[in-house]
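Student: Hi! Could you walk me through this one? I'd like to start with a single residue and go from there.

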Amino acid sequence: MPADLAVVGLGYVGLPLARRACEAGLDVVGHDTDPAVVDGLAQGRSHVGDLGDRDIAAMTAAGFRAATDPGILTGARTVAVCVPTGLTPSGEPDLGPLTSAVRTVAGRLSPGTLVSVESTSHPGTTEEIVRPLLEATGLRVGEDFHLAYSPERIDPGNGRFSLRDTPKIVSGCTTLCAKHAAGFYEQLVDEVVVARGTREAEMAKLLENAYRYVNIALVDEAALYCERVGIDVWDALRCAGTKPFGFAPFRPGPGVGGHCVPVDPRYLMAHAAARGFSFRTLDAAREVLDAMPGHVVERARGLLRRTGTDPAEARVALLGVTYKADVADLRESPAYAVVRGLRAAGVRVVHHDPYTEDFAVDGVPVPRQASAREAVAGADLAVLLQDHAEYRSVDWDAAGRPVLDTRGTAEGHRVERL
Ligand SMILES: NC(=O)c1ccc[n+]([C@@H]2O[C@H](COP(=O)([O-])OP(=O)(O)OC[C@H]3O[C@@H](n4cnc5c(N)ncnc54)[C@H](O)[C@@H]3O)[C@@H](O)[C@H]2O)c1
């Protein structure tokens, strides 16, 4: 029996989609090129924070199976492509995994299939890159098969909104493609929003993350300005945040991380630049955001000096190194740049994070301390990089050490905020 849905790329996006489809009663299969992912799932293990092993057991009971062999895609009625769209080592958009996955799908494409791309990418990707690869089979979009773009909006660690109750944008290369896509996703989510075309849907997703990118840069720069002129930025933000309309609260921090916010705007910037358009708000935001880890390093060095410790002799404990609170994901975390900067100043760096076992930068492990308390007590300075829930109950003054709080959540006489 052909599957109702085949998910290609079983990561932070693909696995929750597969889970939701299983819940909705669909027959679901998955394909991932990483044998560790497929073997782990076969052994009932989830590698994605928002899903537990019990979810995998429920999916398996509902018939879900995954394979590295793309043969598992054959005949699937719908194929959702959820592979990474990251950056190359030189910081350029990397469409390698997407084009490779689409070629795999093309090799198994059968008439009547709906192919839906969920990976984030620049406007035109579906029409100009994905479509020709699929049509190279001789099958035609809108006639023999349907091609859609439906960006994933999943927010890892968000306990309030799930895939089901977050409106899903769908779009198609033709009106019929969009109709098929809407019909498919209506089985999984409460609300489907049909975009005018695939470019509008691609742009909508990039705008959502560009909005976060620019606003985080704005509050980061406000924090730098407030520090310069002696204003408590956290209090200013608390007050501004009471406005019930027209102001979306964002908080300063040590920089941005994860697979989306620092990455997606780069797709937009590169696409614009290739067309001679300079996306100035994004360029300015990038400049501010890229400088934040270095600013944290400078603040840490200044605090060490003020408390009589030579940075080159110091030991600094970083608390929370994942890119987001209460999420185990280290991708693009600003903690990497903070470690590099501190090490360059001769500082010995250790860390604590309830969500990591190992944390290494440039192949050199950053030793892990057993608890936040132990990390603070054994260091000349603690830097709170990520405000995981468990840190809310820490008595920051107990160890008598200075603490640099980059998240504005720690309280104490020895705490200094970004
Ligand atoms: N993580 C998020 O919060 C989030 C949110 C919204 C959108 N997105 C977008 O969704 C897409 C996927 O992101 P993710 O976070 O799930 O990535 P991920 O790295 O967690 O998972 C992607 C999976 O795809 C597999 N893969 C890579 N190349 C493949 C190929 N050619 N064929 C089959 N499998 C392949 C990888 O092994 C991996 O398991 C990206 O475009 C991302 O921008 C991510």
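This is a predicted model: local features need pLDDT of at least 70, side-chain atom pairs count only at pLDDT 80 or more; totals for chains, interfaces and linings use all residues.

Student: Okay, is His 352 buried or exposed?

Tutor: His 352 is buried, because its relative accessible area is 2% and the cut-off for buried is under 20%.

Student: Which side chain does His 352 make a polar contact with?

Tutor: With the side chain of Tyr 391, and that polar contact is 2.8 Å.

Student: New topic: the ligand. How many residues surround the ligand?

Tutor: There are 27 of them, and the closest are Tyr 12, Val 13, Asp 32, Thr 85 and Thr 120. By type, the shell has 13 nonpolar, nine polar and five charged residues.

Student: Which helix gives the largest share of the shell?

Tutor: Helix 4, residues 96-107, gives the largest share, with three residues.

Student: And where does the ligand lie relative to the domains?

Tutor: The ligand lies between domain 1 (5-196) and domain 2 (234-417), because both give residues to the shell around it.

Student: Let's switch to helix 6. Which residues of helix 6 are buried?

Tutor: In helix 6, residues 175-185, the buried ones are Cys 177, Ala 178, Ala 181, Ala 182, Phe 184 and Tyr 185. They sit on the same side of helix 6, because they cover an arc of only 160° around the axis.

Student: Why would residues a few places apart point the same way?

Tutor: An α-helix has 3.6 residues a turn, so residues three or four places apart point the same way.

Student: And what is on the other side of helix 6?

Tutor: Thr 175 and Lys 179 are there, and both are exposed.

Student: Last one: where is Pro 244?

Tutor: Pro 244 is in the loop between helix 8 (233-240) and helix 9 (264-274). Its relative accessibility is 73%, so Pro 244 counts as exposed. Along the chain, Pro 244 and Val 194 are 50 residues apart, and 29 Å separates their C-alpha atoms.

Key
Residues are numbered from 1 along each chain as its sequence is written. Side-chain values use heavy atoms; hydrogens and water are left out. Buried means under 20% relative accessible area, exposed over 50%, partly exposed in between (1.4 Å probe, protein chains only). Helices (H or I, at least four residues) and strands (E, at least two) are DSSP runs, numbered from the N terminus. The arc is that of the directions from the helix axis to the C-beta atoms. A residue is near a molecule or strand if one of its heavy atoms lies within 4 Å of it. Ala, Val, Leu, Ile, Met, Phe, Trp, Tyr, Cys and Pro count as nonpolar, Asp, Glu, Lys and Arg as charged, and the others, Gly among them, as polar. Domain bounds come from an automatic or database domain assignment. A polar contact is a pair of N or O atoms within 3.5 Å; within protein, one must be able to donate a hydrogen and the other to accept it, and residues adjacent in sequence count only if both atoms are side-chain atoms.
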